[in-house]
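Hi,

Here is the structure I promised to pass on to you.

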Amino acid sequence: MADDNLVPPLGNPIFDAVNSAIDDPATAQSLVSNPAATKQLLDAAEQKKTQQANAAGSDTDASGQAASAGDGSKSASAADAAEDMMAQARRIAKDHQEGKVDLKAVDSIGRATAADVQEALHQVIDPELGVDVMDLGLVYGIEIDELGRAIITMTLTTPACPLTSLIEDECATVLAGLVEEFRIDWTWTPPWNVDMMTPEGAEQMAALGFNAGNLPQYGQA
C-alpha cells in the first residue's frame with residue numbers, strides 16, 4: 001500500500017475554530033465538549049468578563065463600548081458555529097438511521113464502486129467496542145475518484161482515540177484487491193455521538209453490554 005495512506009497527525013480543528021472566535025481557551029474547550037450548552041457557557045463567560053472589567057474599574061467610554069460589542073460578536077459567531085455543527089451531526093445521525101452514507105463514485109466496468117467499499121468496511125471492527133465502523137456510524141462519506149482510488153471520510157468516538165493506525169491497517173486489509181489505493185480523511189466535525197449508530201450497531205452494542213448513556217450524547221438536539 002502506498003505511503004500516502006498514512007494517517008495524518010491528530011488535531012482538534014473544532015477547538016481551534018471556536019477558540020479563534022471567542023478568544024477564551026477554557027470556554028472553547030467546554031463548548032467542544034458540550035455544544036448543547038453553548039448559550040449557558042457563553043453567557044457565563046460573558047458574565048465573568050463583565051465582572052472582571054468592573055473589578056478593574058474599566059472605563060465605559062466609546063472604546064470600551066466597542067470592545068464589548070466585539071465580544072458580543074465573537075459570542076454570536078461561536079454560537080452560530082456550534083449550532084451549525086449540531087445540525088450537521090443531526091443530519092448524519094438521520095442518514096445513518098436510514099442506512100445512508102454519502103457516496104460518490106465514478107462507476108465503470110472493472111472498477112469498484114463506493115457501495116463496494118461501503119460493504120467491505122463492514123469487516124473493519126473497532127478494536128475497543130467490537131462493532132464494525134459502518135454500524136458504529138464512524139464513516140461519514142466514501143468517494144471513488146476517476147482513477148479508482150478510494151477516499152474515506154471517517155471519525156472516531158473521540159478525537160483522543162488512539163486507534164487510527166489500527167483501523168487504517170484493517171482498512172488496508174479489507175480493501176486490498178478491491179481498490180488500487182485508498183486514503184482516510186479523519187474528521188472531528190461534527191463529533192460522533194450515539195445517534196449516528198445504525199439500528200444494527202445499537203443492537204450489537206447492547207448485546208455486548210455497553211450502556212449508550214455512557215457514550216457521547218452532545219450531538220443530540
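This is a predicted model: local features need pLDDT of at least 70, side-chain atom pairs count only at pLDDT 80 or more; totals for chains, interfaces and linings use all residues.

Residues are numbered from 1 along each chain as its sequence is written, and side-chain values use heavy atoms, with hydrogens and water left out.

Back to Asp-135. You'll find Asp-135 in helix α6, residues 133-136 (helices are DSSP runs of H or I with at least four residues, strands are runs of E with at least two, and both are numbered from the N terminus). Is Asp-135 buried or exposed? Asp-135 is buried, with a relative accessible area of 10%; buried means under 20%, exposed over 50%, and partly exposed in between, using a 1.4 Å probe and protein chains only. Not counting residues up to four places away in sequence, Asp-135 touches His-122, Met-197, Thr-198, Glu-200, Gly-201 and Gln-204, where contact means heavy atoms within 4.5 Å.

Another aspartate, Asp-132, sits in the loop between α5 and α6. Asp-132 is buried too, at 6% relative accessibility, and its side chain reaches the backbone nitrogen of Met-134 at 2.9 Å. Beyond its neighbours within four places in sequence, Asp-132 is in contact with Leu-121, His-122, Val-124, Ile-125 and Gln-204.

Now the overall picture. The protein has 8 helices and 4 strands, and from the N terminus on they run α-α-α-α-β-α-α-β-β-α-β-α. Of its 221 residues, 39% count as buried. If you take the contacts between residues at least 6 apart in sequence, 68% of them join residues at least 24 apart.

In soluble globular proteins, nonpolar side chains tend to be buried together. The largest nonpolar core in this model has 39 residues, and those with the most contacts inside it are Val-117, Leu-121, Ile-152, Met-154, Cys-171 and Leu-175. At least two residues of this core come from each of α4 (62-97), α5, α6, β2 (139-144), β3, α7 and β4. By nonpolar core I mean a set of buried Ala, Val, Leu, Ile, Met, Phe, Trp, Tyr and Cys residues joined through side-chain atoms within 4.5 Å. Take Met-154: leaving aside its neighbours within four places in sequence, its contacts include Leu-138, Tyr-140, Ile-167, Cys-171 and Trp-186.

Just after α7, Gly-177 takes a positive phi of about 85 degrees.

How many salt bridges are there? The count comes to 2, taking a salt bridge as a side-chain nitrogen of Lys or Arg within 4 Å of a carboxyl oxygen of Asp or Glu. One joins Arg-149 and Asp-145, with the closest N and O atoms 2.7 Å apart; Arg-149 is partly exposed at 31% relative accessibility, whereas Asp-145 is buried at 9%. Asp-185 pairs with Arg-183, where the closest N and O atoms are 2.7 Å apart. Asp-185 is partly exposed at 29%, and Arg-183 is partly exposed at 37%.

One last thing to click on: a cis peptide bond joins Thr-189 and Pro-190, with omega about 0 degrees. Pro-190 lies in the loop between β4 and α8 (199-207).

Cheers

Conventions:
A polar contact is a pair of N or O atoms within 3.5 Å; within protein, one must be able to donate a hydrogen and the other to accept it, and residues adjacent in sequence count only if both atoms are side-chain atoms.
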